[in-house]
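Biologist: Hi! Could you walk me through this model?

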Amino acid sequence: MRGGLVVSCQAYPGEPMRDPRTMAQVAAAVVEGGAAAVRAQGLQDVREVVAAVDVPVIGLWKDGDDGVYITPTLEHALAVADAGAQIVALDGTRRPRPDGRTLAATVAELRERTDVLVMADCGSLEDALEAERAGVDILGTTLAGYSGERPRTPGPDYELVDEMVGACRLPVMVEGRVHSPAQAAEALARGAFAVCVGTAITHPTTITGWFAEAVAGAR
């Protein structure tokens with residue numbers, strides 16, 4: 001994945017594309033377009049995507065919609081690994097986890113019971129440094145602007161990217177509000193290991209909204 005594009009193939013509950021088979025087709029399409037890896041959410045989605053592509057799959061399981069909800073417990077992480085993901089993404093913030101385990105304890109037991117790599121979705125430099133100490137393999141900027149520690153920037157949080165690349169020894173994947181090829185290229189130019197794009201590639205409702213707003217404003 002080094003220097004490559006990772007594409008997040010997710011649809012929200014209630015949306016027309018919210019179907020694991022559809023997400024697998026989207027995943028196959030982005031791989032054909034050059035994606036070096038795919039990020040998928042939900043156990044059945046992970047299973048379908050793993051079967052559909054021949055690139056690494058970063059799996060996660062969102063449970064809830066507030067606080068720690070990205071693969072929030074050890075049980076969630078083990079289930080994602082069992083579904084076939086080669087990399088398990090989990091909340092890498094310093095916030096309390098629902099099962100009471102620390103991030104380090106979660107990672108340690110996950111390593112004992114599986115052979116997956118672990119990606120920590122972080123919200124700040126402090127999160128990233130703690131996740132590094134906890135023994136993860138990849139650091140993500142995924143939760144920058146969503147965990148309460150940093151303001152939500154319109155595009156990627158380049159300041160955090162610079163901080164993490166400068167202070168951390170592990171690979172940094174830039175993820176979150178990467179809305180254009182230029183922003184993706186800028187992330188790599190700043191030293192990121194890889195860049196993950198979701199909405200701007202795989203969420204037609206949002207993309208259509210951008211164009212519809214622009215058209216309406218031009219009338």
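Modeller: Happy to; we'll go through the strands, the helices, the cores and the cysteines. This is a predicted model, where local features need pLDDT of at least 70 and side-chain atom pairs count only at pLDDT 80 or more, while totals for chains, interfaces and linings use all residues. Residues are numbered from 1 along each chain as its sequence is written, and side-chain values use heavy atoms, leaving out hydrogens and water.

Biologist: Thanks! In what order do the strands close into a barrel?

Modeller: There are eight strands, and they close in the order 1-2-3-4-5-6-7-8, with parallel pairing. From one strand to the next, the twist averages 25 degrees. Angles run from 0 to 180 degrees between N-to-C directions, with axes as lines fitted to C-alpha atoms, for helices over the stretch in contact.

Biologist: What counts as a strand, and what counts as pairing?

Modeller: Helices (H or I, at least four residues) and strands (E, at least two) are DSSP runs, numbered from the N terminus. Two strands pair if DSSP finds at least two bridges between them.

Biologist: How many bridges link strand 4 and strand 5?

Modeller: Five bridges, in the parallel sense, between strand 4 (residues 87–91) and strand 5 (residues 117–121). Leu90 stands opposite Ala120, and Asp91 has Asp121 as its bridge partner.

Biologist: And how many join strand 5 to strand 6?

Modeller: Three bridges join strand 5 to strand 6 (residues 138–140), again running parallel. Met119 has Ile138 as its bridge partner there. The chain crosses from strand 5 through helix 5 to strand 6 in a right-handed β-α-β crossover. Right-handed means that, with the strands pointing away from the viewer, the path from the first strand over the helix to the second runs clockwise. Strand 4, helix 4 and strand 5 also make a right-handed β-α-β unit.

Biologist: Is strand 5 mostly covered or uncovered?

Modeller: Mostly covered: four of its five residues are buried. Buried means under 20% relative accessible area, exposed over 50%, and partly exposed in between (1.4 Å probe, protein chains only).

Biologist: Let's switch to helices. What does Thr106 touch?

Modeller: Thr106 is in helix 4 (residues 103–113). Not counting residues up to four places away in sequence, Thr106 touches Leu74, Leu90, Arg97 and Arg101; contact means heavy atoms within 4.5 Å. Thr106 counts as buried because its relative accessibility is 0%.

Biologist: What about Ala134, buried or exposed?

Modeller: Buried, with a relative accessible area of 12%. Ala134 sits in helix 5 (residues 125–134), and its contacts are Leu103, Ala104 and Val107, leaving aside neighbours within four places in sequence.

Biologist: How many residues does the largest nonpolar core have?

Modeller: That core has 47 residues, and Met164 is one of those with the most contacts inside it. A nonpolar core is a set of buried Ala, Val, Leu, Ile, Met, Phe, Trp, Tyr and Cys residues joined through side-chain atoms within 4.5 Å. Another core, of 14 residues, lies apart from it and includes Leu143 and Phe193.
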